Amino acid sequence: HTAHLTIDPAFRVAPVRRRTFGTFVEHLGRCVYTGVYEPGHPAADEDGFRRDVLDLTRELGVTTVRYPGGNFVSGYRWEDGIGPRELRPRRLDLAWHSTETNEVGVDEFMRWCAKAGVEPMMAVNLGTRGIEAALDLLEYCNHPSGTALSDRRIANGAKEPYGIRMWCLGNEMDGPWQTGHKTAREYGRLAAETARAMRMIDPALELVACGSSSSSMPTFGAWEATVLEEAYDVVDHISCHAYYEEKDGDLGSFLACSTDMEYFISSVVATADHVGAKLKSRKRIDLSFDEWNIWYLSRFQNAPTPADWPVAPPLLEDHYHLADAVALGGLLITLLRHSDRVSAASLAQLVNVIAPIMTEPGGRAWRQTTFHPFAQAARLAAGDVLRVEPVSPVYETAEYGEVPLLHAVATHDGASTTLFAVNRSTDRPLSLRIDARALGGARVVEATTLTDADVYARNTADDPGRIAPRPNPDVEHDPLTVLLPPVSWNVIRLA
Ligand code: AHR
């Protein structure tokens, strides 16, 4: 198998959007409790945050973190999570059939964000609540002082306003599972009125309206159109959510799952632009792909609902293998390729819950296989995204028909260029010829590959380094050719 592509800085798509490397912390399972927060853990700092998780978060290169949900936010009363801990109520969390202790709330989250060096992306509850609660939270967070709510924040220890810029107007309101689920028209009206009111406090906010929970929702396409008809002028982004898993041992289709993400993005861009045209608007709505990942959702759906409303039960704790990491790398490539319209994204989620970072309560923390493609891309994607137009052999998949074996994108920043490439072949290496003449004599300075003879090999607490990027020995310089192993994620740096 051979494939080829051309890297030329003239073929610019858009700048690399730093917010592409966002993640998500939801009050769900062990993401917050025994994930980011575990007072009494040997690695806990003075605020109860796990230092080992903070270190891994920084190493992962996370830029933004969406909070506090997710399905959780649609029943959340944010006021429960502020003030003295001993006075905070315990509540039923309907989304995950758990008990929420409210030990962590917005002030703790913002302290954690400062330590992790990430930008917060705050979600408001448009399920059981509405405009007033959203305005109150905004005033509490962002107003400097001199009002009841801003002074309460100061009394709770945060003198300076948080200045949170990005706000999600609810979560997955198209889903019948959502507390307070709405029709597109109902949600569109509520999102528009909430956005209008929030902009009266701060016109510069960046607001995200809920799009579809997946491209297979019966309302996909129509939902976005109706919501944007109502809210076009007052929002900046429409959200997309997508999760993928290997089904019935069909690895070939699974490795091609970014085909669905490509379809998702181009459909939502077309829908948003259609509404813009009808409204005679020159404004463009961008996409916030604020939930994406590999998730063995069918396993979760078949699992029993936790009995007795437990506190922080282990939920959605998928243990990822090599093929999951390669599929995830393919999704990242797709997000980067669409940087002209996808201006933010959040890998869902950060710790324990379908996450790149795993922890044991009271014990170790380690990197899942999926940690690596994300961390490499967050670290090395820089400058501009380049279109590389790969010419590749194709293979037949049950789910998506013919799909190219090679999936790739490049970024270019002054003197250095990075190519990210996935070989989707389940059984053969792919010889990739790179035409880099436009880079004026640049040579490969580093080539790594993430692969394994066992595509189902995983990292564990006892063997955390089983799957990690290793130097790719199969690089030839003249002509520039790199051999990509079957089922592999590859990073090639030229300078
Ligand atoms: O990330 C897990 C869940 O997936 C989120 O709570 C919800 O928004 C989505 O359905």
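Residues are numbered from 1 along each chain as its sequence is written. Because the model is predicted, local features need pLDDT of at least 70 and side-chain atom pairs count only at pLDDT 80 or more, whereas totals for chains, interfaces and linings use all residues.

The protein contains 11 helices and 25 strands, these being DSSP runs numbered from the N terminus, with helices (H or I) of at least four residues and strands (E) of at least two. Its radius of gyration is 22 Å, close to the 23 Å that the globule rule gives for 495 residues, so the protein is as compact as a globular protein of that length; the radius is taken over C-alpha atoms, and the rule is 2.2 Å times the number of residues to the power 0.38. Along the principal axes, the C-alpha trace spans about 70 × 60 × 45 Å.

The domain assignment gives domain 1 (17-380) and domain 2 (387-494), with bounds that come from an automatic or database domain assignment. The centres of the two domains, taken over C-alpha atoms, are separated by 30 Å. Across the boundary, 31 residues of domain 1 are in contact with 32 residues of domain 2, two residues being in contact if their C-beta atoms, placed from the backbone, lie within 7 Å. On the side of domain 1 that touches domain 2, at least two residues each are supplied by helix H7 (251-255), helix H8 (258-278), helix H10 (322-337), strand E14 (365-367) and helix H11 (371-380). H10 gives the most to this side, with 9 residues. By class, the residues of this side of domain 1 divide into 14 nonpolar, 12 polar and 5 charged, where Ala, Val, Leu, Ile, Met, Phe, Trp, Tyr, Cys and Pro count as nonpolar, Asp, Glu, Lys and Arg as charged, and the others, Gly among them, as polar.

Two helix pairs were examined within the model. Helix H3 (residues 131-142) and helix H5 (residues 184-201) pack at an angle of about 30°, with their axes 10 Å apart, which makes H3 roughly parallel to H5 (angles under 35 degrees count as roughly parallel, over 145 as roughly antiparallel, 65 to 115 as roughly perpendicular and the rest as oblique). Axes are lines fitted to C-alpha atoms, for helices over the stretch in contact, and angles run from 0 to 180 degrees between N-to-C directions. The crossing of H3 past H5 is right-handed, a crossing being right-handed if the near helix is turned clockwise from the far one by less than a right angle, and left-handed if anticlockwise. In this contact, Ile131, Ala134, Leu135, Leu138 and Glu139 of H3 meet Glu193, Thr194, Ala197, Met198 and Ile201 of H5, giving 7 nonpolar, 1 polar and 2 charged residues.

In the second pair, the axes of helix H6 (residues 222-231) and H8 come within 9 Å and cross at roughly 35°, and H6 likewise passes H8 in a right-handed crossing. Glu224, Ala225, Leu228 and Glu229 of H6 make the contact with Val268, Thr271, Ala272, His274 and Val275 of H8.

The peptide bond from Tyr67 to Pro68 is cis, with omega near 0°, and Pro68 is placed in the loop between strand E4 (64-67) and strand E5 (91-93). The bond from Ala348 to Gln349 is also cis, with omega near 5°, Gln349 being in the loop between strand E12 (342-348) and strand E13 (357-359). Glu172, in the loop between strand E8 (166-169) and H5, has phi near 40°, a positive value in a residue other than glycine.
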